[in-house]
Amino acid sequence: METVIIQHSLSGDPSEKTMEGPTVVQGTAVASPYDHRPKQESAPQNEIRDPTGPGVGAKQETRCRDPIFAFLLYGNVAAIVAVAAMYGSDAIYTSVDVNQQTQDGYDYSGYIYSVLVLGLFSIILSGLCLPLMMCIPELLIKMSLFFMLGLSAAMMIMSWVYKNIIGGIMGTIFFLIFICYARAVWSRIPFASVNLLTACTAIKKNFCVVFVAYFFIALALGWSLLWAVALAGVSNKVIVESDNPYEGSQVNWGYLFLLFLSYFFTHQVIQNTTHCVVAGTVGTWWFSPGDSGCGAVMGSLVRSLTTSFGSICFGSLLVAIIQATRALANAAKDNENQILVCIAQCILSCLESLLEYFNKWAFVYVGLYGYSYIEAGKNVITLFKNRGWEAIIADDLIGNVFFFLSLCVGLICAAIGFVFGATQDQWFVNAPYNSNIQYSVSVLGFIVGLVLTR
């Protein structure tokens, strides 16, 4: 949401407007992609801006954009449903004899139940983040900035402690760069806090969007459960059919990549659909506050799930491919050529971050104006070229807050998972990796909390 607010500030002449509650940054009505003025009322001449200005979009004709990628998503979901239906039940309801030794393979039911419980905790904790951001926006921005600085310092110190010369040198360089970055953007914190406050005000004025967000969070949780069932089924079948069920070298990297791609693709679509819904809703509230409310939310939701859905799937697939490749490289860390794997992970991590940041701006154009993904990308590049990359990146401090809160939720869920694994150990008697079940469930809780909150 902060991207929508910042984009309006960059693409137009912002003015301050006093609303019910805090003072927020407000845009001008003539930049809206939709005509909110009565027909008999014409815009004053001094309010008309150049429609060809940098980053100023225009409403596109109503038609489906990039539909082929929407069909790819439908096929992906159908495939996972089919795999879960055919093989998942055997993995979950595995028969067990009196000696608690599995007869047909591993029993994954404990992990499935853990994902469900930890997902519910994640939803509750993510809901508590909204009032927290409304109460202390500037403090959260400063805390997140210091947290990132401390994280960079910790990585540098750990590298030197373990005598990793290359890591220590690189860590020191990045730590110094981050100090310079923090110093450069410190004066922009008040502006960023106003943007965060504005975003929270938009939520208050369009509170129905909260229920839409909860729906998509629940959908993401349901997808995680369904994917976990499919993964358990595939893993169980592969292990059972192997001559040596406990041989770790029997991993089929092709299946693993497809499963990772399927998971990240759908999760990215869910996340980016929420982003587009919020972009359309906040855009309506920004330019025409009288038209905001549940009607604006439902209109934006319908556009995101119909005409703009293919564009959302397009951008999501690009990120998912990188994420799946990175996950595959992470799974191969214990094999030979670890240096090459480490280099590949670093490159993929940078590409993922850049593409996610680019998508965050591109989907604002998709949600506001109905552009295709390619056309939205062109508009983002035009905006960056004309307004300056440095200013845009420096002003986007709110993303650090979201990462900081997501990390906090992930750590809390990890702690809950540790307690859950210690108290419900009877669920994991026949589960894989049950020798350190508390740590396994902790890692699972951290991943679930981080993914669902982001």
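Here is a guided walk through this predicted model, from its helices to its surface and a few backbone details. Residues are numbered from 1 along each chain as its sequence is written, and side-chain values use heavy atoms, with hydrogens and water left out. Because the model is predicted, local features need pLDDT of at least 70 and side-chain atom pairs count only at pLDDT 80 or more, while totals for chains, interfaces and linings use all residues.

Let's begin with helix α9, residues 294-305. Helices here are DSSP runs of H or I with at least four residues, strands are runs of E with at least two, and both are numbered from the N terminus. The expected span of a helix is 1.5 Å times one less than its number of residues. For the 12 residues of α9 that gives 16 Å, and the end C-alpha atoms are 16 Å apart, which agrees. Which residues of α9 are buried? They are Ala-296, Val-297, Ser-300, Leu-301 and Ser-304, where buried means under 20% relative accessible area, exposed means over 50%, and partly exposed is in between (1.4 Å probe, protein chains only).

Next come the aromatic rings. Rings of Phe, Tyr and Trp (its six-membered ring) pair if their centres lie within 6.5 Å; planes under 30 degrees apart count as stacked, over 60 as edge-to-face and the rest as tilted. The structure holds 19 aromatic pairs. One of them joins Tyr-357 and Trp-361 in a tilted arrangement, 6.4 Å centre to centre and with 55° between the planes. Both residues belong to helix α11 (residues 338-369), where they are four residues apart, about one turn of the helix. An α-helix has 3.6 residues a turn, so residues three or four places apart point the same way. Tyr-357 is partly exposed at 22% relative accessibility, whereas Trp-361 is buried at 0%. Elsewhere, Phe-69, Phe-314, Phe-363 and Tyr-373 form one aromatic cluster.

Now for the charged pairs. Side chains of opposite charge can pair when their charged atoms come close. A salt bridge is counted when a side-chain nitrogen of Lys or Arg lies within 4 Å of a carboxyl oxygen of Asp or Glu, and by this rule there are three. In helix α4 (residues 137-161), Lys-142 and Glu-138 are four residues apart, about one turn of the helix, and their closest N and O atoms are 3.6 Å apart. Lys-142 is partly exposed at 27% relative accessibility, and Glu-138 is partly exposed at 32%.

Another salt bridge joins Glu-352 to Arg-326, with the closest N and O atoms 2.9 Å apart. Glu-352 is in helix α11 and Arg-326 in helix α10 (residues 309-331), so this pair ties together parts that are 26 residues apart in sequence. Glu-352 counts as buried at 10% relative accessibility, while Arg-326 is partly exposed at 32%.

Helix α12 (residues 373-387) holds Lys-378 and Glu-375, three residues apart, and their salt bridge has closest N and O atoms 3.5 Å apart. Lys-378 is partly exposed at 47% relative accessibility, as is Glu-375 at 35%. Val-380 also lies in α12, but this residue is buried at 1% relative accessibility. Val-380 and Asn-359 are 21 residues apart in sequence and 9.2 Å apart in space, C-alpha to C-alpha.

Turning to the surface, what makes up the nonpolar patch? Trp-160, Ile-165, Ile-166, Ile-169, Met-170, Ile-173, Phe-174 and Ile-177 form it, with about 810 Å² of accessible area together. Patches are made of residues with over 30% relative accessible area and no salt bridge, with like charges joined within 9 Å and nonpolar side chains (Val, Leu, Ile, Met, Phe, Trp, Tyr) within 5 Å; the areas come from the Shrake-Rupley method with a 1.4 Å probe, and for residues only the protein chains shown count as cover. Helix α5 (residues 165-185) gives the most to this patch, with seven residues. Ile-166 lies in α5 and is exposed at 66% relative accessibility.

Finally, take a look at two loops. Lys-163, in the loop between α4 and α5, has a positive phi of about 60° although it is not a glycine, and it is exposed at 71% relative accessibility. Asp-66, in the loop between β2 (23-26) and α2 (67-92), has a positive phi near 50° and is also not a glycine. Asp-66 counts as buried, at 18% relative accessibility.
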